Structure formats: C-alpha cells, structure tokens
Amino acid sequence: MTNKFKYFIGNWKMFGDIGSFKIVSKINQYAYKDKKVNKKKIVLCVPNTLIHFYNKKLKKKYISLGVQNCHSNEKYGSFTGSVSASMLKKAGAQHVIIGHSENRSEGETNQLLKKKVNSAINQKLNVIFCIGETHKDKKLGKTFSIIRNQMKETLNKQINLKKIILAYEPVWAIGSNKIPKINELNIIINFIKKTFKKNFKSKKYPKVLYGGSIGPKNIKLFASINEIDGFLVGGASQSSKKFIDIIKNYYK
Ligand code: PEP
C-alpha cells in the first residue's frame with residue numbers, strides 16, 4: 001500500500017498573476033534537479049486566468065499544472081462566468097481540484113460534485129477530490145460517517161483509479177495552523193483507503209493525500225504515516241521557498 005514517491009500538490013487558491021510565473025519556474029527547476037522527487041507527482045493548481053500562460057511559458061515541464069475547480073457541464077453552455085473541464089483541459093490543465101471545502105461552503109453539494117467529477121474524468125483530467133469533516137462534525141464524532149458519505153454520494157462505482165486522488169482535508173485544519181494528531185490521521189487515511197476499496201469493489205487502494213496547514217516546519221511529522229500518498233498544500237505553496245522546503249524537509 002505504501003509508495004516511496006509522494007505527491008506534493010499546491011493549491012494556490014485566489015492568488016497569483018503573470019509575474020508569479022517565477023514561483024512556478026523555481027519549483028520546476030527544483031523538480032528537475034532533485035532526484036528524490038517523482039516529477040509527475042509535483043503539481044501546482046493555479047487560477048484559471050494563469051493556466052494557459054504558464055503552460056506555454058514553461059518550455060521544459062518537470063512538474064504538472066492544474067486548476068482548482070470546474071463547472072459540472074463538460075463542454076460549452078449558458079453558464080455565465082463559468083469554465084468547463086474541456087476548456088481547462090484545452091488551456092493546459094492536467095489536474096483539477098474538486099470538492100474543496102471552500103467551495104463546498106459556498107453551496108457545492110455531493111450531487112453537484114458527482115457531475116463535476118464525471119465531467120473532469122470524461123475530459124481526461126486527473127481529479128484531486130477533497131473530503132473532510134468540519135470542527136462541529138469532529139466534536140460530534142461524525143468524522144468517519146461524513147467522509148464515507150462524501151465518497152459514496154459523489155464517486156461512481158466504476159471510477160477510474162488512475163484518474164482520481166483523494167485528499168483528506170479536515171475543514172478545521174485549513175489555514176488554521178492546526179493539524180490532526182498523527183495517530184488519528186493514520187487511522188483516517190487507512191479508513192479512507194479501506195472504505196473506498198470495499199464500497200467501490202476496487203482491486204487496489206486509492207491514493208490518499210493529507211491537506212491542512214502544512215508547512216516546512218511540520219511536514220516531517222507526517223513522515224511516520226506510511227500509507228499516505230502525499231500532501232495538498234494551500235497557503236505555503238504560494239511561496240517557492242516554502243513549497244520546496246516542504247519537499248526537502250519531508251525527505252530529510
Ligand atoms: C487547502 O486549501 O487545500 C489547504 C490545504 O490550505 P492550507 O495549506 O493553507 O491550510
């Protein structure tokens with residue numbers, strides 16, 4: 001179940017402009033030089049306004065680029081202000097984050113997310129599907145039932161495991177400088193893998209990342225969780241130094 005090379009996926013959120021290409025370029029150079037990293041597993045999910053530009057500007061690509069959401073309608077339609085999976089794919093996205101709690105909190109339901117996941121997979125995008133409980137859910141002891149439902153109500157039985165990465169992001173850990181206890185996180189990561197395998201009659205375990213308040217100083221704490229497949233990094237991925245230090249410190 002373990003994997004030597006971990007994913008390090010940056011979620012830039014609402015950050016960045018053309019000048020921020022220097023951050024992408026530095027991370028790309030780092031990925032080229034460091035033999036410890038698997039280049040296919042370093043991903044930066046940037047705003048839609050930048051994906052095409054960065055994709056063209058990055059002549060030699062040692063990292064992958066992605067975006068942070070897509071509309072549920074796969075191609076074109078009367079959806080003012082929205083961007084579809086096919087448009088993002090054509091602009092150079094290889095990955096898309098779906099179900100981030102910042103979007104769920106604005107009304108995205110499991111049913112809507114199911115359509116988004118299907119659209120993205122039809123367009124051959126790799127989906128980073130976020131799941132996780134709120135602080136209130138945790139206090140009520142609902143963590144396991146919430147994440148089980150988020151998976152069951154959104155993912156298809158015949159989901160292509162090669163195209164989906166699950167990201168466990170407890171809502172209370174995002175941008176809060178709080179992280180779960182390592183032994184509890186270990187149990188949850190294993191629960192997600194086993195629940196997925198059982199419910200989706202999958203032959204293999206899915207890839208599962210952790211995300212929430214990761215930085216260069218706390219990343220090493222997660223190294224004892226063998227089953228973890230990598231990390232989704234929010235705020236700290238907006239700095240090339242912090243993002244690179246996270247990767248370096250993990251392997252130290
Ligand atoms: C995120 O937004 O996916 C995230 C993990 O944020 P942060 O690292 O800033 O907590």
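Mentor: Begin with an idea: a polar contact is a pair of N or O atoms within 3.5 Å. Keep in mind that this model is predicted. Here an N or O atom in the side chain of lysine 13 is 2.6 Å from an oxygen atom of the ligand.

Trainee: Which polar side-chain atom lies 2.8 Å from an oxygen atom of the ligand?

Mentor: One of histidine 100 does. Serine 213 also has an atom 2.8 Å from a ligand oxygen, but there it is a backbone N or O atom. The ligand taken alone exposes 300 Å², and the protein buries 95% of that.

Trainee: How many salt bridges does the whole structure have?

Mentor: A salt bridge needs a side-chain nitrogen of Lys or Arg within 4 Å of a carboxyl oxygen of Asp or Glu. The search finds five. One of them joins lysine 13 to glutamate 102, with the closest N and O atoms 2.9 Å apart.

Trainee: What does that pair tie together?

Mentor: Lysine 13 lies in the loop between strand S1 (7-11) and helix H1 (21-33), and glutamate 102 in helix H4 (residues 101-104), so the pair links parts 89 residues apart in sequence.

Technical notes: Residues are numbered from 1 along each chain as its sequence is written. This is a predicted model: local features need pLDDT of at least 70, side-chain atom pairs count only at pLDDT 80 or more; totals for chains, interfaces and linings use all residues. Side-chain values use heavy atoms; hydrogens and water are left out. A polar contact is a pair of N or O atoms within 3.5 Å; within protein, one must be able to donate a hydrogen and the other to accept it, and residues adjacent in sequence count only if both atoms are side-chain atoms. Accessible areas come from the Shrake-Rupley method with a 1.4 Å probe; for residues, only the protein chains shown count as cover. Helices (H or I, at least four residues) and strands (E, at least two) are DSSP runs, numbered from the N terminus.
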